[in-house]
Amino acid sequence: MAATDGLSRFRGKRGLDDVRERAFQIISSVLILLVVTGLFGAAFGKPLSVAWYKHRGRTALREREGETALEWLERAQAVDEEDAETHFLLARCLRRLGKFKQVEEHLDQAESWGWPADRIQLERLLMAAQGGQLRLSAPKLYAYLKDRNEYGDDGPEVCECLVNGYFLSYQFG
């Protein structure tokens, strides 16, 4: 009998009006939520996804996982092709992988989108050193190490490129 009493309130006009009103409230709430989500996604989704992809790319670079870093950074570039840092990180990743032609392209893009010129110049020196062109790059990289108290991620990069360049340029043993 209790089930019959519950259904009886929906049988009359007032019960149907209650159902329609509740359905309208639910649909209105869902539409408002979709609009807010769409606006939020449009305003913040792109920067958040690019930031996440770059974070994952930087992490992979730090862990010496070049191919993984390349995948994450290419995702970031696909979302925002005008991000200077993404182009710089792609250049660094590609340099480590020995893909020097692509490095120049990304360094040019990073420079055109406003990445600091001194960082781009350093990356070009690192590329030259890693490629065995030590005559011009080594003295500048030594000066870089000597003049700075804090290197951040760049100190180990400089040392690694110099060592790789020496191994490439000279036969030991």
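The paragraphs that follow treat this predicted model, beginning with a pair of helices and then turning to salt bridges.

Two packed helices are described by the angle between their axes and the distance between the axes. For helix 7 (residues 134-147) and helix 8 (residues 154-169), the axes come within 11 Å and cross at roughly 150°, which makes helix 7 roughly antiparallel to helix 8, since angles over 145 degrees are counted in that class. The crossing of helix 7 past helix 8 is left-handed.

The structure holds 14 salt bridges. In one of them, Arg-92 pairs with Glu-123, their closest N and O atoms lying 2.8 Å apart; Arg-92 belongs to helix 4 (residues 84-96) and Glu-123 to helix 6 (residues 117-130), 31 residues apart, and both Arg-92 and Glu-123 are buried. Another salt bridge joins the side chains of Glu-157 and Arg-96, at 1.9 Å from N to O. Because Glu-157 lies in helix 8 and Arg-96 in helix 4, this pair ties together parts that are 61 residues apart in sequence. Glu-157 is buried, with a relative accessible area of 2%, whereas Arg-96 is partly exposed, at 23%.

A further salt bridge, 3.2 Å from N to O, is formed by the side chains of Arg-124 and Glu-104. Salt bridges that share partners also build one network, whose members include Arg-64, Arg-92, Arg-96, Glu-123 and Glu-157. Of these, Arg-64 lies in the loop between helix 2 (13-62) and helix 3 (66-79), and its phi is near 60°, a positive value in a residue other than glycine.

Note on methods
Residues are numbered from 1 along each chain as its sequence is written. This is a predicted model: local features need pLDDT of at least 70, side-chain atom pairs count only at pLDDT 80 or more; totals for chains, interfaces and linings use all residues. Side-chain values use heavy atoms; hydrogens and water are left out. Axes are lines fitted to C-alpha atoms, for helices over the stretch in contact, and angles run from 0 to 180 degrees between N-to-C directions. Helices (H or I, at least four residues) and strands (E, at least two) are DSSP runs, numbered from the N terminus. Angles under 35 degrees count as roughly parallel, over 145 as roughly antiparallel, 65 to 115 as roughly perpendicular and the rest as oblique. A crossing is left-handed if the near helix is turned anticlockwise from the far one by less than a right angle, and right-handed if clockwise. A salt bridge is a side-chain nitrogen of Lys or Arg within 4 Å of a carboxyl oxygen of Asp or Glu. Buried means under 20% relative accessible area, exposed over 50%, partly exposed in between (1.4 Å probe, protein chains only).
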